[in-house]
Amino acid sequence: MQETEKPYFCPNCRSNRIKFSIIQSYSQRILKDALTGTVQQVAEPEQIQAEEPTIQCLVCQYTGNEMRFIKQAEHQPRQDSPVTPIY
Ligand SMILES: [Zn+2]
């Protein structure tokens, strides 16, 4: 099972399990003209495989390692019926 298939839970706002962005890096080869700097050729972008993707919560904009979101979801699994918080 891929990590990205695991449930996420935002460790910051603790209200979002649904809406996220996966922030990934891309590498795109170009050829430039040495004198003018004009881009002559552009290759197809290639995704750089990150060890651990960066995830952004689309509710509070918190950005962190994917593991933080997975751990938070494991720590606080989704309840079928809301649990009354104890303060
Ligand atoms: Zn959040």
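Here is a short walk through the model, one selection at a time.

**Colour by confidence.** This is a predicted model, so start with pLDDT. The chain averages 89, and 86% of its residues reach 70 or more. Among the elements, strand β3 (residues 30-32) has the highest mean, 97, while strand β5 (residues 46-48) has the lowest, 88. As a rule, low-pLDDT coordinates should not be read in detail.

**Select 20-23, 54-57 and 63-65.** The 20-23 stretch is β1, and the other two are β6 and β7. Together these three strands make an open sheet, in the order β1-β6-β7, with antiparallel pairing. β1 and β7 are the edge strands, each pairing on one side only. Ignoring direction, neighbouring strands in this sheet are turned by 30° against each other on average.

**Stay on β6 and look to both sides.** Four bridges link it to β1, and three link it to β7. Move along to Gln-56 and you'll find Thr-63 of β7 opposite.

**Show the side chains of 54-57.** Which residues of β6 are on the covered face, and which on the uncovered one? Ile-55 and Cys-57 are on the covered face, whereas Thr-54 and Gln-56 are on the uncovered one.

**Zoom in on the turn between β6 and β7.** The two strands form a hairpin with five residues between them. Pick Gln-61 in that loop: its phi is positive, about 70°, although it is not a glycine. Is Gln-61 buried or exposed? With 11 other C-beta atoms within 10 Å, Gln-61 is exposed, because the cut-off for exposed is 12 or fewer.

**Last stop: Arg-14.** Jump back to the segment before β1, where Arg-14 lies. Here is another residue other than glycine with a positive phi, this one near 55°. Arg-14 has 13 C-beta neighbours inside 10 Å, so it counts as partly exposed.

Technical notes
Residues numbered from 1 in each chain as written. Predicted model: local features only at pLDDT ≥ 70, side-chain atom pairs only at ≥ 80, totals over all residues. Buried ≥ 20, exposed ≤ 12 C-beta atoms within 10 Å, placed from the backbone. pLDDT = per-residue confidence, 0-100. Pairing = 2+ DSSP bridges. Axes fitted to C-alpha atoms, helices over the stretch in contact; angles between N-to-C directions.
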